[in-house]
Amino acid sequence: MAAQRVAEDVAKGTKQTARVRVAVRLRPYMHMQDQKGEGACVRRLDTETLEIINWRNATETLQYQFDVFHGEETTQQEVFLSSVKPILPHLLKGQNASVFAYGPTGAGKTHTMLGSQEQPGVIPRAVRGVFNLVKAKEREHEGWDYSIDMSYLEIYNEKVLDLLSPSAQDLPIREDKDRNILIPGLTHTPLSSFSDFHSHFIPASLNRTTASTKLNQRSSRSHAILLIKVVRTQRNPPHRQQTGKLYLVDLAGSEDNRRTGNKGIRLKESGAINLSLFTLSKVVDSLNAGGGGRVPYRDSKLTRLLQDSLGGSSHSVMITNIAPEYTYYFETFTALNFAAKSKQIVNKPFVRETVTVSSVQVKRSREEQEAGRSGEPQKKKLKDVKKTGQEEPTPPAQLHSPTDPSVLNRLMALEKLLMGTPVKERLNMHREIQELKEKQKAFESKAKVLKETGNGATRNSSDSVSSGDSPLFRTHLPPLHRKQSTAAKPKIQQAVVSPLQVSQLQPLQQCPVVKKPSVCLVKKQKNLEQSEVQEGKENVKDTGWESHLDKSVLDKSRHKILQVLNSGSLKDLKGLQQIGDKKAKLILGWREIQGSFTKLEDLTKIEGITAKRLSSFIKANILSMMGT
């Protein structure tokens, strides 16, 4: 049996598009979260519109309009009926659907998706709705068989983990030839009823990674994705099979680590969550920008799995959860902006249908395609050729072929070898082919001569051929061998080993030893001489400036500097040239312990002040005093 994919737009002649539906749900006001008593920052206007205070100007408000707005009093049943239930019938038509909850941590995403035993959320209600639809279709007896299975996974620290069969193995994400996302190794559990689903889902949900933070006692540390696959198969030929998938996604919330107080492992988890949500935002921006540019689905495993839900072939619903307190203002503002951008995404759903065809029909269609332009299958051509070859009698002149079969076989082999040999080796093969062709022509010319001799000669020749005397019709010649390459092989030069000659050892003569000075020592001596010369020049320069000044002026300046050093404050010391904060503090410390300086040269006793630095310090300060 073979399978063929049939798209919905081909069957109906139209191309269907579906915009991502966005619903916003406002969590009830919690006084514990509003310690300052500032009240709510979000207000409902109608069933589709809400307003939030503008953070740039508190006297203004910003309005947002979505497909549905669920207020604080909205129940779980109302959320399911208005947002999720309308997309479930598409599963039974071979199309995909997805529902995912988005919002900051502590806004109620997990409550919306999972709920509680008294108030079940979207996931249990959606699965029950799928089973109800299948039962209704089975009662109609339309000739279809239905099967349902489930898979459950989480994305924790950019690792795909199976929740039905928990292990530390990171599952890979693949894509088939039809661009469908697959996860090899993921557990697929068949389901027969809703109670069967409940018995598998509850233990798997406990395997999900959660932890406590300052904003949420049971915060989800991973993105959870539940996959429900519905396959319906036609009982009668052509046995059509349609596959629909439902993705139910509970995203982890974006977190501000300054408020959650995350450290260590919690901080690493928060970084992975925020990075994947940032990539999700980039995907939405790329889809809205259009232009056929690259959409960064592969930058994160979350966006890789949601590739079908955003800009793909799925009927998608996004439920954005927000909090009303002022402490969540910027998280709520960001979530509303993301929801407004997601509302503009357009998906292109199609029916995933396979039609099983008998193998005989598939073979016939392949034969017709291979025949192509000739319009006749190749097998029929071969059969006709075989029949004509068997029916046509061979002429008597061809009983003894005028050509040598070994020559023909060799020619065929050489022609095949030509296709796969390099250019340099083809020259020798061309020569051998020419020689074989000349031999074949010689055999053909001999055959023509025998035909011209007449019937009598042919009979005599046939008798002689039967006796084996004629050399002209020898058909059992030995096969030709491939000629050896005429290229001259390089001669291998053999090493000639001369016998060892034993010579008498002569006594060593004492030679005078001449010690050459080392190059490194010579360079060091030159460097020392140059440095001494430079220091001498500098000393000459440093001492030369004093000779141009009056001795009384020079003494007054030195006395002023000494006075500042002995009685000046930290600020006064830092006012001197080449004295910073560190040296000024060292001078104060030395002065408290040793007393006042008797002369300027006593500065060399302080750490870091050498004689060279002292001279430059005196020169800089005296010149600055004279300049002022």
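Does H141 count as buried or exposed, and at what relative accessibility? At 68% relative accessibility, H141 counts as exposed, where exposed means over 50% relative accessible area, buried under 20% and partly exposed in between, with a 1.4 Å probe and protein chains only.

Colleagues, a word on the basis of this presentation. The model is predicted, so local features need pLDDT of at least 70 and side-chain atom pairs count only at pLDDT 80 or more, while totals for chains, interfaces and linings use all residues. Residues are numbered from 1 along each chain as its sequence is written, and side-chain values use heavy atoms, with hydrogens and water left out.

I begin with the chain as a whole. The protein chain has 19 helices and 20 strands; these are DSSP runs, helices being H or I of at least four residues and strands E of at least two, numbered from the N terminus. Of its 628 residues, 37% count as buried. The chain exposes about 39900 Å², of which carbon and sulfur atoms supply 53%, by the Shrake-Rupley method with a 1.4 Å probe. Among contacts between residues at least 6 apart in sequence, 68% join residues at least 24 apart, a contact being heavy atoms within 4.5 Å.

I return to H141 and the backbone. H141 is found in the loop between α4 (122-139) and β9 (144-156), and its phi is near 55°, a positive value in a residue other than glycine. Q578 also has a positive phi, near 65°. It lies in the loop between α17 (570-574) and α18 (581-594), and at 44% relative accessibility Q578 counts as partly exposed. A cis peptide bond, with omega about 10°, joins P237 and P238; P238 lies in the loop between β16 (223-234) and β17 (240-250). Why mention these cases? Most residues other than glycine have a negative phi, and most peptide bonds are trans.

Next, the aromatic residues. The whole structure holds nine aromatic pairs, counted when ring centres of Phe, Tyr or Trp (its six-membered ring) lie within 6.5 Å; planes under 30 degrees apart are stacked, over 60 edge-to-face and the rest tilted. F197 and F201 form a stacked pair, 5.1 Å centre to centre with 20° between the planes. Because they are four residues apart in helix α5 (residues 194-206), F197 and F201 are separated by about one helical turn. Both are buried. Elsewhere, ring pairs link W55, Y329, F330 and F333 into a cluster.

Charged groups also meet rings. R128 lies over the face of F194, 3.9 Å from the ring centre, and the charged end of R27 sits over the ring of Y328, 5.6 Å from its centre. The criterion is NZ of Lys or CZ of Arg within 6 Å of the ring centre and within 35 degrees of the ring normal.

Which residues of helix α2 (residues 76-84) are buried? They are Q76, V79, F80, S83 and V84. Seen down the axis of α2, these fall within an arc of 100°, so they line one face of the helix; the arc is that of the directions from the helix axis to the C-beta atoms. Their cover includes β3 (21-26), β7 (68-70), β8 (96-102), α3 (109-113), α4 and β18 (314-322).

Finally, L227 lies in strand β16 and, at 13% relative accessibility, counts as buried. Leaving aside neighbours within four places in sequence, L227 is in contact with D149, M150, S151, K245, L246 and Y247.
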